[in-house]
Amino acid sequence: MTADDNQRTRSLTPAWISRLNRRHLLGTSVGGALALAEVQRRSLAQGDVTPELPPMAGMDHGLGNGGVITMPMVTGDVDHVANGFHPSDVLTDFDGGTVSTLPNGQTLREYQITAYNKDIEIVPGLKFPAWTYNGRIPGPTIRATEGDHIRITFVNAGDHPHSMHFHGIHPGAMDGVFDEASGMVQPGGQFTYEFDAEPFGLHLYHCHTPPLAAHIARGLYGAFIIDPKESWAPVDHAFVMVMHGYNVDFDTESNEFYAVNGIPFHYDLDKYPIRFRVGESVRIFLVNVLEYDQINSFHLHANFFNYYPTGTMRTPSEYTDTIGLMQGQRGILEFTYKHPGRYMFHAHKTEFAELGWTGVFLVEE
Ligand SMILES: [Cu+2]
């Protein structure tokens, strides 16, 4: 990305948000509320949301949901149809590819991935000029079984060079780094990544074109699950959660919004909480790809989970309610709820939670 690109991007960004310096504002008690108030004001100006602002008592809680106290929030919703994806669907949208059998008996899985630019409405009234895999953030959750042969036809329909760099074990020529011979693809070009799926576990893929941080921050990443041959223990619900952020003022220092699966605040109580029942087993494939901020985390309320780092071992390493992950780290969480109720899950970097990385499990009898 060139200085020109940055300039062009800035001109697409609402002027108000370039003036925000979240880090400094959050040093005061009202900073986050101011940022959210700005978003809400913009939303209201567009007439697409309910005309009531939650009280802005410092960085306190939104009270706009019938008096229910959750977290700060944005009023209204983004246009999921125009965005072309819905984070509630992303939870369980696994792409197993087109399956066939090779002459040697090995299972072949073929995937089609296209990188292209797309404006995504991330909070009501604010569009982010994203670079996407197949038009969504995160990109498709690519899923295979240990030992399968994977073939990915990657087309670059964007206006910058891009690649797909997979975490896993594969030849250097399939690593999506360095040059066109190893999967760096110029605009208008294409490349076929081909390798065997190993090791089993939870992995990720992302663009590896320099400047790497800028390409990832634009939205070029996704989860990559390799199921063990013997399969995981059966569960009632399996959800993918990719943690990431949006650096909407392109200052490359930190993010203004945080999310799982594309849209900040999406799984909040007043929007689309995640529902299941008491006693049902839940597995979360959790990936952190957050750019610019050094660490991310996941905290589960009123419960504990078994944690399998990278998903590569069949016995949990820890029984806890909070984990920290740097960029590229990921793991599998397994839990059940003993009591019905409303339970938050969110980054335990609470600043991130208040800027979008928060959600609610609605557990019913
Ligand atoms: Cu890229």
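**Strand pairing in the sheets**

Analyst: Phe285 has Ile332 of strand β19 standing opposite. This is read from a predicted model. The strand that covers residues 282–288 is β14, and its partner β19 covers residues 330–335. The pair runs in the antiparallel sense, with 6 bridges between the two strands.

Both strands belong to an open sheet of 6 strands, whose order is β12-β11-β14-β19-β16-β17. Read along that order, β14 sits between β11 and β19, while β19 sits between β14 and β16. The pairing across this sheet is mixed. At its edges are β12, residues 257–260, and β17, residues 318–320, and each of these pairs on one side only. On average, neighbouring strands here are turned by 25° against each other, with direction ignored.

A further open sheet has 5 strands, in the order β13-β21-β20-β15-β18, and its pairing is also mixed. Its edge strands are β13 (274–277) and β18 (322–325). Each has a single partner strand, so one side of each is left without a neighbour in the sheet.

Strand β20 spans residues 341–346 and β21 spans residues 358–364. These two run antiparallel and are joined by 6 bridges.

Definitions and conventions
Residues numbered from 1 in each chain as written. Predicted model: local features only at pLDDT ≥ 70, side-chain atom pairs only at ≥ 80, totals over all residues. Pairing = 2+ DSSP bridges. Helix = DSSP H or I, 4+ residues; strand = E, 2+ residues; numbered from the N terminus. Axes fitted to C-alpha atoms, helices over the stretch in contact; angles between N-to-C directions.
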